[in-house]
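Student: I would like to learn how to read a model of this kind feature by feature. Could we take the general idea each time and then the case at hand?

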Amino acid sequence: HLEVRVQCFHYLLAQSEYNKETHEPDPKVLELSRVLANVDEAMTSSLHPRKCKYIFEGLGHLIAKILISSSQYMTNIDDTGIQRMCRNVFALQQTLTNITMTREVALDHARHYFELFFLTPEEILNGIVEKGPEFSELEYMNAFQLLYRSKGMKGADTVSRYMERLCDILGEVSTSTRKHIMSDTIKSVCDKVKSKLCDVPVQDF
């Protein structure tokens, strides 16, 4: 169980050169896919299915987190690099799906993250306002910093302004969500009180 997770860190955090002309996933990703498939084959022949499930349970979520976190170590990313990361995600998703026999939706989350880099910071912020946040504040900050390094934005204060706006927007979204939850809770309580009052028999005096 632990060894499989260590292998994920080993292969996915490794910095490797890649051939821009190829449409294949990174060699390290292909190697990790082979390792996972071999582990599954070895464990299936010697362990109870429930124990095999335990080994791979939650692995998709971990891999997604590692891939998303890796963005902070990238010097830059272009359209080719974005497509490459999406291929890496898809390859690992296929491998895990073949092992667990369920779609690893956590890896869709990782793919959506790398698709952010097709957008401008302004478009990302507008998306948060319209649809709500899909990622953590730190993950958005890492995205802005990578976009800053990749697209040659002028002035170090530019990325700082986007981060300040991000904090403001996330704060407003959080406040709005809390108010909505509180409003629904109060309404639910009022409805229950009204229901109980209606059930009380009216006495004639």
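Student: Which residues are linked in a network of salt bridges?

Tutor: This is a predicted model, in which local features need pLDDT of at least 70 and side-chain atom pairs count only at pLDDT 80 or more, while totals for chains, interfaces and linings use all residues. Residues are numbered from 1 along each chain as its sequence is written, and side-chain values use heavy atoms, with hydrogens and water left out. A salt bridge is a side-chain nitrogen of Lys or Arg within 4 Å of a carboxyl oxygen of Asp or Glu. By that criterion, Arg103, Asp108, Arg111 and Glu115 are linked in a network.

Student: How many salt bridges are found in the whole structure, and what does the pair of aspartate 26 and arginine 84 tie together?

Tutor: The search of the whole structure finds six. In the salt bridge of aspartate 26 and arginine 84, the N to O distance is 2.9 Å. Aspartate 26 lies in the loop between α1 and α2 and arginine 84 in helix α5, so this pair ties together parts that are 58 residues apart in sequence. Aspartate 26 is buried at 7%, and arginine 84 is buried at 13%.

Student: Which charged residue is buried yet has no salt bridge?

Tutor: For this question Lys and Arg count as positive and Asp and Glu as negative, while His and the chain ends are not counted. The residue is glutamate 104, whose nearest side chain of opposite charge, arginine 5, is 9.4 Å away. Glutamate 104 is placed in the loop between α5 (79-100) and α6 (106-115). A polar contact is a pair of N or O atoms within 3.5 Å; within protein, one must be able to donate a hydrogen and the other to accept it, and residues adjacent in sequence count only if both atoms are side-chain atoms. Such a contact, at 3.0 Å, joins the side chains of glutamate 104 and threonine 100.

Student: Where do the buried residues of α3 fall when seen down its axis?

Tutor: Helices are DSSP runs (H or I, at least four residues), as strands are (E, at least two), numbered from the N terminus. The buried residues of α3 (residues 49-56) are Cys52, Ile55 and Phe56. Seen down the axis of α3, they fall within an arc of 85° (taken over the directions from the helix axis to the C-beta atoms), so they line one face of the helix. The face turned away from that buried side carries the exposed residues Arg50, Lys51 and Lys53. The cover over the buried residues of α3 includes α1 (2-12), α2 (27-44), α4 (59-69) and α5.

Student: How many helices and strands does the protein chain have, and what share of its residues is buried?

Tutor: The chain has nine helices and zero strands, and 34% of its 205 residues count as buried.

Terms used. Buried means under 20% relative accessible area, exposed over 50%, partly exposed in between (1.4 Å probe, protein chains only). Contact means heavy atoms within 4.5 Å.
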